[in-house]
Amino acid sequence: MVKPKRAAVGTALLFVLVAVLPGVAGAHPGGLPPTVRVLRFSYVAHDGRDRRAYLILPAWYGPDRHPAIPLVISPHGRGVGGRINVRRWGNLPAIGGFAVINPEGQGRRLTLFSWGDPGEIRDLARMPQLAEAAVPWLRIDLHRVYAFGGSMGGQETLLLAARFPQLLAGAASFDAPTNMAARYDAFDHLRFGDRLQRLARREIGGTPRTDPRGYEIRSPLDWARRIAFSHVPLQIWWSRMDTIVGDQVHESGLLYRDIKRLNPAAPVRQYVGNWAHTTEMKRHGYLPFALAQFGLVPPTGQKAPSGEPSKPAAGIPV
């Protein structure tokens, strides 16, 4: 009988929270445990459009108990929204006592295909302030703000570390594309590749040939020097079996090598394995291990991936 009572109390409290916070509502993505709650709020993106963000909090956190807690900014992957990204986190925010913000995002033209747009990166940097403005009793420990993202979200995590290093106490990218010009060509080898290329032209402003600068500014490889000297502790996760961002040896793997070449003392580690695209960034994958490296959850007992990167070889990125 205890669990149903606790669930009822939690539900009642959530309705109270929604009632006293105009513009904030409870969100209920499927499959989340009762130890966390999700609040949805709107924010104004860089181009003036209203966008949504989903804030995951431990269930115990609220108006009567709100210590300063760490915040993880988690941009979503290509073609999926912040609500889907919420599901990756499971009960981890409750275990570690931290918050996660999952913004919907907004690119230059597109919403779910922002691909590292400079305005989107500026919006990500504003997330701590936006969350505190939307939820007045939320207190963020500004010395413990992190970024975690997979696929396009990993790309944007890396760009956030490059452009706003003073914001972050650490960052982790999972299977991130790092060269947008190469990605444009690689779309040819993916299902619906023609559509992806059309979306890229619309979002970025042309092709890599007609607008090379547009692709460079969205490519973490072109920010390697800034990342190398950012002093942001960084985890780069990539897979040799990735079929979405293929040839990761020349994507995330190359970024790691460039960072270490530019600054051998850079606080960056790479983790290489054989998982399917971004499956390691999940509650039941390596996400707890990655969080534990920054002290966001207790040590998990997991072992780091044992795979070593193979020797870079020529090939067509797919």
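This is a predicted model: local features need pLDDT of at least 70, side-chain atom pairs count only at pLDDT 80 or more; totals for chains, interfaces and linings use all residues.
Let's start with the rings. How many aromatic pairs does the structure hold? The count is 18.

Take Trp60 and Tyr61. Their ring centres lie 5.6 Å apart. Their planes meet at 55 degrees, so we call this pair tilted. Stacked would need under 30 degrees, and edge-to-face over 60. Tyr61 is buried, at 0%.

On to another pair, Tyr286 and Phe289. Here the ring centres are 6.4 Å apart. The planes stand at 80 degrees, so this pair is edge-to-face. Tyr286 is partly exposed, with a relative accessible area of 22%. Phe289 is buried, with 8%. The cut-off for buried is under 20%, so Phe289 falls inside it.

Both Tyr286 and Phe289 also belong to an aromatic cluster. Other members include Trp89, Phe98, Tyr146, Trp237 and Phe294.

Back to Trp60 for a moment. What sits over its ring? The charged end of Arg65 does, 4.2 Å from the ring centre.

Last, the second largest pocket. It holds about 240 Å³ of space. Its lining is made of 14 residues. Which of them are closest to the centre? They are Gly77, Arg78, Arg88, Ser151 and His277. By class, the lining has 5 nonpolar, 7 polar and 2 charged residues.

Note on methods:
Residues are numbered from 1 along each chain as its sequence is written. Side-chain values use heavy atoms; hydrogens and water are left out. On a 1 Å grid over the protein atoms alone, a cavity is a set of points where a 1.4 Å probe fits but cannot get out, and a pocket is an open set with protein on both sides within 12 Å along at least five of seven lines; lining residues have an atom within 4 Å of a point. Grid points are joined across faces, edges and corners, and a volume is the space filled by probe spheres set on the points. Ala, Val, Leu, Ile, Met, Phe, Trp, Tyr, Cys and Pro count as nonpolar, Asp, Glu, Lys and Arg as charged, and the others, Gly among them, as polar. Rings of Phe, Tyr and Trp (its six-membered ring) pair if their centres lie within 6.5 Å; planes under 30 degrees apart count as stacked, over 60 as edge-to-face and the rest as tilted. Buried means under 20% relative accessible area, exposed over 50%, partly exposed in between (1.4 Å probe, protein chains only). A charge sits over a ring if NZ of Lys or CZ of Arg is within 6 Å of the ring centre and within 35 degrees of the ring normal.
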